[in-house]
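Please open the model in your viewer and keep the selection panel at hand. The stops below can be followed in order.

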Amino acid sequence: MKNLITAALAATLLLGTSLSASALERGGTLTYGRYADSLFLDPVLNDANVDIWILSNLYDTLLLPTDDGKGVQPGLASEYKMSADNTSVILTLRDGIKFSDGSPITPADVAWSLKRASKKDNGIWGFMIESIDDVTTEGDKTVTIKLKHPDPAILAALTVFNTGIMPQKAFEASAGATEAEKAKSFGEHPVGSGAFVLKSWDRGSSLKLVRNEYYWGKGEDGKALPYLDGIDFELIPDDATRILKLNSGELDGAELIPYSRVAELKSAANLDMQLFPSTRVQYLTMNVRPQVGGKDNPLANPKVRQAMNYAINKPAIIQIVTHGVGTQQTSYMSTATPLHTGDKPLYPYDIAKAKALMKEAGFEKGFSTSILVLAGNQDQIGISTAVQQMWSQLGIKLDLQQVDNPTLTKQYRDGTFLMRNAAWTDDIADPSEITSYFVNSKTIEALHSGWKSEEADALFEASQKEMDPKKRAEQYAKMQEIYNSTGPTVPLFETPYPVALNKRVHGFLQIPLGNNIFAKTWKDK
Amino acid sequence: MSALAKTARSMLRGKPMPRSLITGGSILLVSLIMAVWPTLFAPYDPNEFDYNALLAAPSLAHPFGTDSFGRDVLSRVIHAYTVDMQIAVFATVGPFVFGTLVGAFVGYVGGFWEALFGRLVDATVTFPFLVLVIAIVSVLGPGLGNMYVAVGIVGWVFYARLVASEIKVQKRLDYADAGRVMGYTPWRIVFRHLLPNAITPAIVYWMTDMALAILLGSSLGYLGLGAQPPTAEWGVQIADGKNFMNTAWWISVFPGVAIVLTGLGFSLAGDGVAEILRVRR
Amino acid sequence: MPLFSFVIRRLLQMIPTVIFILVVTFVLVRMLPGDPASAMLGDRARDADVNRINHELGLDQPLIVQFFYFAERVVTGDLGNSIGLKVSVASLIADRLPVTLMLTVMSAVIALVLSVPLAFVAAMKREKLADSVIRGTFQVGLSMPVFYVGIILLTVFAAQWKLFPVGGYGTTLPDKLYHLFLPALTLALSFAAVLMRNLRASIINVMNAEYVDFAIAKGLRSRVIMIKHILRNALISTVTLFGLQIGTLFGGAVITETVFAVPGAGRLLIDSIYGRDYPVLQGLTISLAVLVSLTFLVTDILQAWLDPRIAR
C-alpha cells in the first residue's frame, strides 16, 4: 500500500500536476543540500559535472527537455521547425521574454549565445553543436540556425545547458580583456534568463539563488513562475551529515542519498524519498589492448571478456551495492536513452558457461589483473570487492587499487589501466553522446579501451547525419548488438537519482538527464 | 627468558610489577596471539560472502553479525588483528628508534647540529601531512607499505624532538656533570645515564602513537588510501560501516571496540614501562 | 633582552624553512599523477581540450621555467589564481584559513581545559579508581576515528537534542563559534588524550624527582610546590608535544571539516589535491607552513619561559 502511494506520488510529480491534498503555496526559500560545490557557472566555459545540473535554473534554453528526458518541448522559443532540406532550424521566440534585469531577450542575444557556444575551442561542450554553421536573425522574433550538415540531434542539443541564452550587452560590457576574464567578471553579477538568478556565492559553503521576476513560465495559478522566492544550495559533502541535516529539518532536500540509506529514509515520517528515473549506468571498462605496460593482456580476448561478464551475479551486486534500488542493464545505454534496444538483461549469471569460455580462450587456470577504484567511493569499493570474489571462481586474481580521481583519469587517458570502475549519465536526449564515447573509436578510443569495430564506426558516422528516424533506429540497434556482445565493458546496473525531500516540498523534479528543475517547486508554509 | 626476567627484577629492585603493565601486557599478548594465529579463533573465512545473510544482526551463527557482503564481522575483526598489529608496530618502531637516536645526539651536542635539526623538524612538521601521504601513495601506489613510508618520514621527528628537549634538561643536571668529571665517554653518558631518564616521554608517546597509527590507518581508509579491500582492517571496517550506523551498527561498533581495547593495551603497557624506568632512577 | 633576540633569531630561521617548503611543494605537487585539466574535465575529456587547457595554464613549459614564474610571483606576494574556481588564491585563503585557525585554536583550548586538570587528578590518584576511569575514558576518545566521533556528536547533540546546528558555518562571530563547537570538540578529544597521557606521566616523573623532596624539606607549602615546581617542569615536554601536535590537529581538521560541512582550509586543501589545483595547493601549503612555524615560535617562547635553561 505504501509503495502504491509512493508510486502515485511520484507519478503526479512527474506529470507536473498536483493531485495532493495541500493547495499550491507561493513564496519561501528552499534549502537544498549538495555533495559538492560548483566551480564556474558559465554555460559554455564550465568544466565540470558539478555545474551542469543546476545551470538550467540560471540560463534558459530555446528548447527544454521533456520531463521524461526523452523528448523536446518549447522553451524560450515557442515554435521551432526544421527546414525541408534539414539544413536549418527556424525558431520563433516567445513574446515578451526578458532577462533577469528586465531587458528584452532579442534574437541578437540568441544568435550571439549560440555562436559563442559553438565556437571551436570555447569550452568543452561544443561537440554537441558542432553542426552549427551560422545563426541569423530576422525581425524581433525569428532566429535561424544554419547547419553544416543535417543533424538528427540538433533539437535535443538546443535543450542542453551549454546553449543557454545569455545577455550579449551585459556580458560584453563586463570587465576583462579575454572571453574567460569577461565570463569571470560577468559571473560576479550575472544577468540570466532562467527561472532563478544568482544572488550570492560563498565558495565552499553556500550558493544562493533568487527568483527571476521576469521569467516567462506560468504556474498553475496563472501567475509567473517560479513559485519559490529563492533557493539556498548548501554544500554538505558528507552523506551522513547531509541526511542528519535533512532529518532535523534544516534542509528541505538533499541529493545523492547513499543507496544503503534509501529504505531507511523511505520509512521516515517527515521525508519523501524520491527515486527519479535516470540515464545513469554503472559499468566496468576493460582495456582490450593486446599488451599493457609491456605485459600480455588477457582482456584483449573477447571470449575472456564474455566469460567475465557471465561470471558476475548481477542481482547479487545490485543487492549488495544498491540495496535493491538498481536494475540490470539491457544495453550499454540506459533504458531511458532514446533508441535504446534490448529487453533481456545482458549476460545472465552462468558460471558454467563462463568457465567453458575461459577454457576455450586458453585461460582455464585464470590470470591476474587489476582494477582502478576511485579512492573512498563506497559504491565502487563494493562493486570491486564483489566482482573480485565472483571472478575468483574463474581463477582470476583481481587486485584492487584505490586511487584519486586525477590519477585514475591519467591512467585512463594514457590507456595504461587494465580495468576501471565508471558511471555515465547522458546530458542530451539523444543516444549519440554516449555512443560517441562508448562505441566510436574516434572520440576517445571507445572509453580509452582501445576497442574498435570498423562496422560500428561506420554506423555511427552514418547515424550522425541520418534524418530518417526509422533508419537511425536500425543503425542504433545494430551498434548496440555489436557493442553489447563484444564490447570492452562489463555492464552492471542502472540506478535512479536518489533525492530525499522534506514532505513540505512539492513539485521538485530531477529529469533523467540529471537537471535539477526548481521552477515548479513549492513548499508548505 | 630468564635473563629478561632478571633484568626486569633488577630494574624493579624488588618492587612489585606495576599493575598497568600486567593488564596492558596481557591485552597485548592476547592481541598478538590473535594476530599470529587468527584462523584458530575466527569461525569463518573473513572474505567469504553469504548472499543469504547480508547485513544480518548478531546471532548465534554470527555473534558480531554480518556486513553488507554477508561476511562474518567477528571473523573479520579477528583477522584484522594481523594487519592492525602490523600497522601499530611497523608504522612506529622505525620512527621511534631513529627519532630517539637523532634526538639524543642533537640534544647532547647542540650547536650547529641542533640548529640544522630544528630547521628539518620545522619543515617536516609544517608540511601538511595529508599532502605528503597522498603524494607518496599516488606516486608509489596505494597500500600499507607505502603508508608506512609516509608515516615514517614524518613520525621520527616527534620522538626526536621529545628526546632532544629532555636530554637538554638532563645534561645540565648534577649527575651528568658527575659523569663528565668521572671521565666517561659522551656515548656512555648519553646512553647509560641521560637517555634512560630522558626517554620516558618518548616511550609514553610511542605507546600512544601505536594507537594513533591504527587510527591514522582508519582515516586513510576513509579516504581510500589505507589497506585495500578485501583485507580486513578495523579502520576500513569502520569506514565501511559508516553508512549503516543506524541500520547495522555492528559493522562499525565491533572493530571500534577492538581499536579501543588494543589502544588501551598499548597505553597501559606504556605507563607501566614508564613506571619501571622511574623506579630505576 | 635575551627573549627579544631569541624571537628575532627564530623568525629568521623561518625563512629557510618556508623556502624549503616552497620548493618541496612545487616539486611534489607536480610529481602527482594527472594534471589540472584532466582532473577538472574528468572521464569525458578529449585530448584536444586537455592539451589546450594545460597550454593556457602554461603547464606545458619546462618545470624550471614554471618554477621561476611561480617564485617570482610569490616574492611579489601574488599567489596566482585557482585553476578550478577561477578566483585569486589569496582571497580563497583569506576566506578559508581563518575558519580553520579558529577551529584549531578552539579545539586546542578545549583539549587543554579537558586534559590539564584531569591529568593532575590522575597523577595524584595514580593507579586508583579515578586514574583508571580518567585514562579509560580518554582512551576511548583517542581510539575513535574523527569521522565516527563527528557523526555521533552530530546525531546526539545536534539532531536529537538540538543543542547545536547540524554542521555548517555561521555569519556573525558568536554564531560561528557556536557552529564550530562540535567540530572543535571532535578534534579535541584525541588531542586531549595525547596531552593528558603525556602530562600525567610528566607530573608523576617530576613528583618523583629529588627537587620536589628538597622543596618539601625546605618547608614550602604544598600548593606552592605543586604549582611552581611540578606544573612548570611537567609542562616542558607537554608544550613540545602541543606544538608538534598542532600540525596533526590541522590534518584532523581536513576530515572534521568534511563531516561538519565547515568551509575551512582543510577541505580546500583536499579539494585542491584532488583537483590538482596547483596554485591553491602551493599557496595553502606555504601559508600553513608560516602559520605552524609561528605556533612553534610561541611554544618555544613558552618553553624558554618555563625553563630558562633551554633558551640559552
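Two residues count as in contact when their C-beta atoms, placed from the backbone, lie within 7 Å. With that criterion in mind, and remembering that this is a predicted model, begin where chain A and chain B meet: the contact draws 25 residues from chain A and 22 residues from chain B.

Colour the side of chain A that touches chain B, and then select α7 (239-247), α10 (314-322), α12 (378-391) and β17 (397-403) of chain A, each of which supplies at least two residues to that side.

Next, show strand β9 (residues 206-211) and strand β10 (residues 230-235) of chain A, which pair in the antiparallel sense over five bridges; here A:Leu207 stands opposite A:Phe233 of β10(A).

Now move to strand β20 (residues 497-502) of chain A, where six of the six residues are buried. Turning the strand on its side, you will find A:Tyr497, A:Val499 and A:Leu501 pointing one way and A:Pro498, A:Ala500 and A:Asn502 the other way, all of them buried. One partner of β20(A) is strand β11 (residues 253-254) of chain A, paired in the antiparallel sense over two bridges, with A:Ala254 having A:Ala500 as its bridge partner. Another is β12(A), which pairs with β20(A) in the antiparallel sense over six bridges, and there A:Leu275 stands opposite A:Pro498.

For the last stop, switch to chain B and select helix α10 (residues 200-222) and helix α11 (residues 234-241), which pack at an angle of about 40° with their axes 7 Å apart. That angle makes α10(B) oblique to α11(B), and the crossing is right-handed. Show side chains for the contact: α10(B) contributes B:Ile214, B:Gly217, B:Ser218, B:Gly221 and B:Tyr222, while α11(B) contributes B:Trp234, B:Gly235, B:Val236, B:Ile238 and B:Ala239. By class, this contact has six nonpolar, four polar and no charged residues.

Terms used
Residues numbered from 1 in each chain as written. Chains lettered and ligands numbered in written order. Predicted model: local features only at pLDDT ≥ 70, side-chain atom pairs only at ≥ 80, totals over all residues. Axes fitted to C-alpha atoms, helices over the stretch in contact; angles between N-to-C directions. Helix = DSSP H or I, 4+ residues; strand = E, 2+ residues; numbered from the N terminus. Parallel < 35°, antiparallel > 145°, perpendicular 65-115°, else oblique. Left-handed = near helix turned anticlockwise from the far one by under 90°. Nonpolar A, V, L, I, M, F, W, Y, C, P; charged D, E, K, R; others polar. Pairing = 2+ DSSP bridges. Buried ≥ 20, exposed ≤ 12 C-beta atoms within 10 Å, placed from the backbone.
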